[in-house]
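Dear colleague,

Please find below the structure that I am handing over to you, together with its sequence. My findings follow directly after it.

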Amino acid sequence: MSVLNRLNEDFPDNFLWGASTSAFQVEGASAEDGKGLSVADIRSMDSEFLDTSVSVDHYHHVEEDVALMKELGLKSYRFSISWTRIFPNGNDQQPNAKGLAFYHRLITLLKKSGIEPIVTIFHFDLPQALVEQYNGWADRRCVDDYVRYAKFLFDEFGNVVNYWLTINEHSLLVNVPSMIGLKDDDPKKLRELAEHANYHMFLAQAKVFNLCHELLPAAMIGPAVSYMTNLSYDHKSSDALLGKSLEDMVSFITMDVAVRGEFPTYYTRKLVEDGISLPIQPEDEKDFETGRADFLGLNWYCTSIFRHNKQASSKMLAGVVDQIERYEDPALQHTEWGFSFDPLGMRYALQRVHDRFPHLPLMITECGWSEKEQLEDGRIHDSTRVRFLNDHIYQIREAIRDGVNVISFNPWSFIDLLSVNDGIDKRYGLVYVDRDNFSEKELKRYKKDSFYFYQSVIQHNGRNIEKERTGN
Ligand code: BG6
């Protein structure tokens with residue numbers, strides 16, 4: 001055998017060119033056809049423009065939307081199943097037939113169009129009834145209810161779905177506990193509840209990895225991890241350590257537990273110092289021993305440059321994040337919401353994850369550019385997004401040449417959707433939807449310039465990507 005590694009020159013022929021969405025952000029119909037309310041629906045009720053009852057009405061436009069995906073040439077489509085469309089209260093005896101029928105329709109349409117479904121089991125939309133019954137993920141009963149729901153999906157769709165994602169951005173849910181319905185006026189108590197939820201999500205995930213391997217041996221399953229490249233502004237070892245801590249506590253923790261089946265010392269030390277104990281039961285060990293991810297899904301958007309500031313405050317719970325403030329490098333372009341345009345940062349991130357877990361394939365489950373946009377004679381000239389796609393795809397190919405095993409690219413998002421905090425006017429889509437934060441209009445779909453660009457990238461399997469269009 002040669003001592004030299006084979007050099008990968010291009011995207012492999014079976015590369016899963018795709019796009020991404022999540023249920024509550026596109027579907028609408030939040031209380032239709034028997035669907036129960038989720039924490040995301042409840043959260044939207046307090047906001048003027050985060051209304052999940054319509055979103056971009058994918059629920060009623062599913063044929064049209066999949067036809068657009070087919071025209072785009074997608075090889076994969078990452079979407080989530082809404083737990084409360086299947087089990088309105090999270091743990092009902094019987095599934096909701098109409099909700100189930102919707103996902104059968106969607107998946108059948110995808111398969112007929114030659115598009116591989118990549119299914120997220122849980123993306124920010126915990127059944128509100130489970131919060132009311134027992135405080136959701138903070139309680140161990142949520143583990144059983146999630147596992148039962150996942151098993152139901154495996155039984156129902158396992159013959160056609162080959163790729164599964166367990167939990168979207170687990171660490172974000174722990175750091176912003178209101179996203180899983182947790183509240184407490186006492187910050188210490190809230191932190192404890194969030195850490196219990198953290199543990200239960202890890203346990204549920206390990207059980208579901210095992211279940212998937214047992215029931216669907218040909219399928220692959222992994223987490224969708226929030227991962228940002230963090231660079232320190234100052235050249236100090238103390239800041240480098242802070243950056244490492246940030247990366248560990250926000251991103252690597254999720255990967256380490258999912259891949260190695262044990263809780264890393266950088267995390268357990270912090271728990272001990274903060275006087276928090278996890279609700280571990282002796283029987284859990286066997287689930288962690290065997291329940292491992294087959295790949296890692298990375299939600300990567302940008303590079304963030306941070307500075308140490310003990311006074312800085314943040315909405316995040318995990319202590320380390322409170323000590324930093326973000327710095328916008330004037331050399332990088334930023335979205336209106338502060339996310340940088342830094343394709344090299346993505347390549348660096350891919351290399352770092354590959355160095356840590358060289359045996360695992362990586363999926364890019366999210367990556368996108370947001371902008372306010374307006375129709376001009378029925379067209380959207382989203383030239384920055386075109387450049388964003390070109391330059392990031394260029395760097396993904398460079399990462400593949402570096403030896404990183406990237407198997408999919410699923411940019412956020414296939415279609416304009418409801419952003420988690422900023423509504424529909426913060427647009428990420430390849431397809432424009434003619435509605436805004438305050439008016440639904442007719443929800444008509446328009447293909448943006450980025451749609452045509454990406455279509456041609458897929459047709460050429462990435463060979464037409466130009467050397468970066470932006471200097472770096
Ligand atoms: C990711 C989430 O964190 O970022 C998506 O998985 C979300 O659901 C995306 O939409 C972009 O964030 P935002 O706040 O602009 O919606």
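Strand β4 is joined to strand β5 (residues 220-226) by 4 bridges, and the two strands run parallel. Please bear in mind that this is a predicted model. Two residue pairs illustrate the pairing: W164 stands opposite I221 in β5, and M220 of β5 is the bridge partner of Y163.

On its other pairing, β4 is linked to β3, again in the parallel sense and over 4 bridges. Here I167 in β4 is the bridge partner of F122. Strand β5, for its part, pairs with strand β7 (residues 296-299) in the parallel sense over 3 bridges. In that pairing S226 stands opposite N299 in β7.

How many residues of strand β4 are buried? For β4 (residues 163-168) the count is 6 of the 6 residues, so this strand is largely enclosed by the rest of the structure. Strand β5 has 6 of its 7 residues buried, so β5 is also largely enclosed by the rest of the structure.

I turn next to helix α5. This helix covers residues 97-112, which makes 16 residues. From its first C-alpha to its last it reaches 22 Å, close to the 22 Å expected at 1.5 Å a residue. The buried residues of α5 are G99, L100, F102, Y103, L106, I107 and L110. Why do they line one face of the helix? Seen down the axis of α5, the buried residues fall within an arc of 155 degrees, so they line one face. As background, an α-helix has 3.6 residues a turn, so residues three or four places apart point the same way. On the other side of α5, the residues A97, K98 and K112 are exposed.

The buried residues of α5 have several packing partners. Among the helices these are α1 (23-26), α3 (62-72), α4 (83-86) and α7 (141-157). The strands β2 (76-80) and β3 (116-122) are packed against as well.

After α5 comes G114, whose phi is positive, near 70 degrees. I115 has its place in the loop between α5 and β3. With a relative accessibility of 0%, I115 counts as buried. Leaving aside residues up to four places away in sequence, I115 touches M69, K70, L74, K75, S76, Y77 and L110. I115 and F87 lie 28 residues apart in sequence, and their C-alpha atoms are 26 Å apart in space.

E116 is found in strand β3. Is E116 buried or exposed? Its relative accessible area is 19%, and E116 is therefore buried, the cut-off for that term being under 20%. With residues up to four places away in sequence again left out, E116 touches L16, K75, S76, Y77, K111, V160, N162 and Y163.

Finally, I examined the second largest pocket. About 310 Å³ of space lies in this pocket. Its lining consists of 12 residues, and those nearest the centre are S245, M249, Y266, R269 and K270. Which helix gives the most to the lining of the second largest pocket? The answer is α10, with 6 residues. Both α10 (237-260) and α11 (265-273) supply at least two residues each to this lining.

With kind regards

Definitions and conventions: Residues numbered from 1 in each chain as written. Predicted model: local features only at pLDDT ≥ 70, side-chain atom pairs only at ≥ 80, totals over all residues. Heavy atoms only, no water. Expected span 1.5 Å × (residues − 1). Buried < 20%, exposed > 50% of the residue type's maximum accessible area, 1.4 Å probe, protein only. Arc of directions from axis to C-beta. Contact = heavy atoms within 4.5 Å. Pairing = 2+ DSSP bridges. 1 Å grid on protein atoms, 1.4 Å probe; cavity = no way out; pocket = protein on both sides within 12 Å on 5 of 7 lines; lining within 4 Å. Points joined across faces, edges and corners; volume = space filled by probe spheres on them.
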